[in-house]
Amino acid sequence: MNGIPLAREHAVCLCHTCGYVCPAEATVCPRCEAAIHARKPNSIARTWAFLLAGLIFYIPANLLPVMYTTMFGSSSQNTIMSGVIEFFESGSWDIALLIFIASVAVPCLKFAVLGTLLVTVQRRSRWAMRERARLYRFIELIGYWSMLDVLVVALVAALVQFRELSTIEPRIGILFFGLVVVMTMFAAMSFDPRLIWDAEVEDV
Amino acid sequence: MSDKALPPSPSRPLVKRRGARVSLVWLVPIIAGLIGLSMAVHDWMNVGPKITLSFRTAEGLEANKTQVKYKNVVIGTVTAISLSDDRTHVLATVELNNTATPFTRKDSHYWVVRPRIGAHGITGIDTLLSGAFIAADAGSAEETTDHFAGLETPPPVSFGEKGKRFILHTDDLGSLDIGSPIYYRRIQVGQVVSYQLAKEGKGVDVEIFISAPNDQYITTDTRFWNASGVDVSIGAAGLKIDTQSLTSIISGGIAFREPNYSPESKPAEANAEFTVFNDQATAMAPPDGDARYIRMRFEQSLRGLVVGSPVDFLGVNIGKVVSVDLDYDLKTQTFPGLVGAVIYPKRLGAANDKLEKIGGSGDPDEISARILGGFVDHGLRAQIRNGNLLTGQLYIAMDFDPKAPKVAFNPKLRPLEIPTVPGSFDKLQEQLQAFVDKLSKLPIDQVANNLNNNLVELQKTMKQVNGDVLPQMRGTLQQVQKTLATANESLGEDSPQRQQLSQAMDEVQRTARSVRVLTDYLGRHPEALIRGRTGDAAPGSYKATPSSREIDLEPEQ
């Protein structure tokens, strides 16, 4: 602690939207009329809920096919992992790696990081608080890029429509994958990183 | 009191309240869970039976890619491909949809659809690009199984197709194959479904399928014949080429038809058995009935007589040659030809019926022996005749030859032996031979010698003529030439002889005129012969009527 008083000690809180310092008992920002909270309301429960929903959606997203390819009459359905394996076996390991990072590594990382953050916050752990805060920022950053897979499928399905020669259609799996991304983003958004530091204050 | 007065901790109830109130946000994972659960249930409901197919090769099959289709509707997917324990087969594990349970019936068929090129056309061309798939055909049996032996070729007839199956017996398969067409009046009404060797390997059993409603045309009296290839025949009407269709030329086929007169025929039952004849003529001919085996011994070359050559009786084809062998006669040290033949007495038609009455009762062979014995006594003889001078094809003709020498007929001999006479062509050959023999007996050497001597003499004479006679002849000719030249000279225009001759001729002319004047005078004065000439009647005063020549000649005088 560097001696700077906490907002709570002065009974004020910060408006999330315009950064105005409001009185702690106020519910609406006097300046921009946005709802104000000392912390994000019900943050841990919401994050858990979205995280669990994301985890549940992640199962069908991986098991169900995401793409249906017809090329010269031979049709095949690919799940995310089978696509990765196929690319890897056909020699383009770079593309395989890209897809693997975007579709498998990143969501898994998000689940792990958010789960860790939630557990540590609930246990009011003081362990590596700075690093955890950094992890949270990292999660928020990569959150936008998790949609890469969905975008690729949408783009390819829209472009490759040559009737008999070859067509690519999206399959239900990609919807679940998109939901996973959305859920993890919601989870990341509803998590309040200031909760990490609340462990320093005894009575909260 | 003190308990009542004790104010509750400010934060604790707050925390409890917050914890107790269930946030609506938990609906999100619940809904997610429900969706996931419903998907799982749906998938689980959709999982159909799992079956194993064994194929000879996994060519074109791929795990998780190859689909199982029925009428081009996907009913399952190959999930794994492995080798059988004894490594002779490939086992493909197939997960069928739950709607595809009828395809687990025991008599269901599975086969791999690949591009096939055959005489019947090209099939499965779409699989060239899409890769092979497994086609299925549901059976009708009650029992189900999870292991099927995959067919290597597509079944020609799918289940549920209406029609009847029949069994055909044939000596060999010929060019028939599964899928070969069956024709009725040149319309394809069915196809060959399967074939296999008959029991003990004698012949082939061909199973055919005639689709409804054409199966009603198969009657108990229907005749089948092999319609493969082209039937070329040369008859009195000229060259005749008969074929069913272009496909049948290449891939073979079977045609059937009922005889024009078959009063007792009724539609055949399914799986009825029939015989396939070689061609339409034999198929449509009335049944041959039992065959009788006969044997003939010919003392002549049998070149041109082959197995299958016809046996004629008074011009009616009653059988065919079945064997042509050589025998050896110890006595004469010759090789007579032994010809075995079968004859079908029923082909004699009405004659046979009457003959059977004459033959009496007993063993059929005995009856035949009795009848034939009578015929042989009356001069029945077999003879090899030339059926075709161009090809030298021979046939056996049985005719009555009253002049034939008597032969003993042994009715106990089996097979019956028919006495023979030399063939007509044979006779001609003999006469030719005799002629050639006579020719060869001529003393040609002697004649030639004499002729040679004569020629030598002639040569000598000619030499003499050349040496002696010709020079003399030349001298003579020169003399002749000289004589002729002399003659020529004496006859020339200006030669004295010629002038003398012309003077002599003038003299003769004058003399002739004098004589004429005299005769004229005498004609007028015949008395002058006696009295002499009178003065007034002098010849000089006579003026006769002049002729034209005389007018010219007179003035010159």
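Which residue of β21(B) is the bridge partner of B:Pro310? The partner is B:Lys320. This is a predicted model.

**The eight-stranded sheet of chain B**

- Eight strands of chain B form an open sheet with mixed pairing.
- Their order is β25-β19-β22-β21-β20-β24-β23-β26.
- β25 and β26 (420–421) of chain B stand at the edges. Each has a single partner strand, so one side of each is left without a neighbour in the sheet.
- β19 (residues 292–298) and β22 (residues 337–343) of chain B run antiparallel and are joined by seven bridges.
- Within β22(B), B:Leu338 is the residue opposite B:Arg297.

- β20 of chain B spans residues 310–313.
- On one side of β20(B) in the sheet order comes β21, and on the other comes β24.
- β21 (residues 316–326) of chain B pairs with β20(B) in the antiparallel sense, over four bridges.
- These two strands form a hairpin with two residues between them. There, B:Leu314 takes a positive phi near 55°.
- β24 (residues 393–400) of chain B runs parallel to β20(B), and three bridges join the two.
- B:Phe313 has B:Met398 of β24(B) standing opposite.
- In a regular strand, side chains alternate between the two faces of the sheet.
- β20(B) has B:Val311 and B:Phe313 on its covered face. B:Pro310 and B:Asp312 are on the uncovered face.
- Two residues already met can now be placed: B:Pro310, the bridge partner of B:Lys320, is on the uncovered face, whereas B:Phe313, opposite B:Met398, is on the covered one.

**A helix across the sheet, and a loop residue**

- Helix α8 (residues 364–377) of chain B lies across β19, β23 (380–388) and β25 of chain B.
- α8(B) runs at about 15° to β25(B).
- B:Pro411 sits in the loop between β24 and β25 (416–418) of chain B.
- Is B:Pro411 buried, exposed or partly exposed? B:Pro411 counts as partly exposed, because 15 C-beta neighbours lie inside 10 Å.
- Leaving aside neighbours within four places in sequence, B:Pro411 is in contact with B:Ala369, B:Arg370 and B:Gly373.
- B:Leu372 is 39 residues from B:Pro411 in sequence. In space, their C-alpha atoms are 8.4 Å apart.

- β13 (residues 204–211) of chain B is joined to β10 (residues 163–170) of chain B by eight bridges, and the two run antiparallel.
- B:Leu168 has B:Val206 of β13(B) as its bridge partner.
- β12 (residues 187–197) of chain B also pairs with β13(B) in the antiparallel sense, over seven bridges.
- B:Asp205 of β13(B) stands opposite B:Gln196.
- The hairpin of β12(B) and β13(B) has six residues between the strands. B:Glu200 takes a positive phi near 65° there.

**Chain A**

- Chain A has seven helices and five strands.
- From the N terminus, its elements run β-β-α-β-β-α-α-α-α-β-α-α.
- Of the 204 residues in chain A, 29% are buried.
- Among contacts in chain A with a separation of 6 or more, 59% join residues 24 or more positions apart.

**Two packed helices in chain A**

- Helices α3 (residues 93–122) and α6 (residues 172–190) of chain A have axes that come within 11 Å and cross at roughly 30°.
- That angle makes α3(A) roughly parallel to α6(A), because it is under 35 degrees.
- The crossing of α3(A) past α6(A) is left-handed.
- α3(A) makes the contact through A:Pro107, A:Lys110 and A:Leu114. α6(A) meets it with A:Val180, A:Thr184, A:Ala187 and A:Ala188.
- By class, the residues of this contact are five nonpolar, one polar and one charged.

**Where the chains meet**

- In the model, 15 residues of chain B are in contact with 16 residues of chain A.
- On the chain B side, the elements that give two or more residues are α3 (27–46) and α4 (127–130) of chain B.
- α3(B) gives the most to this side, with six residues.
- The chain B side divides into seven nonpolar, six polar and two charged residues.

Conventions: Residues are numbered from 1 along each chain as its sequence is written. Chains are lettered from A and ligands numbered from 1 in the order in which they are written. This is a predicted model: local features need pLDDT of at least 70, side-chain atom pairs count only at pLDDT 80 or more; totals for chains, interfaces and linings use all residues. A residue is buried if 20 or more other C-beta atoms lie within 10 Å of its own, exposed if 12 or fewer, and partly exposed in between; C-beta atoms are placed from the backbone. Two residues are in contact if their C-beta atoms, placed from the backbone, lie within 7 Å. Two strands pair if DSSP finds at least two bridges between them. Axes are lines fitted to C-alpha atoms, for helices over the stretch in contact, and angles run from 0 to 180 degrees between N-to-C directions. Angles under 35 degrees count as roughly parallel, over 145 as roughly antiparallel, 65 to 115 as roughly perpendicular and the rest as oblique. A crossing is left-handed if the near helix is turned anticlockwise from the far one by less than a right angle, and right-handed if clockwise. Ala, Val, Leu, Ile, Met, Phe, Trp, Tyr, Cys and Pro count as nonpolar, Asp, Glu, Lys and Arg as charged, and the others, Gly among them, as polar.
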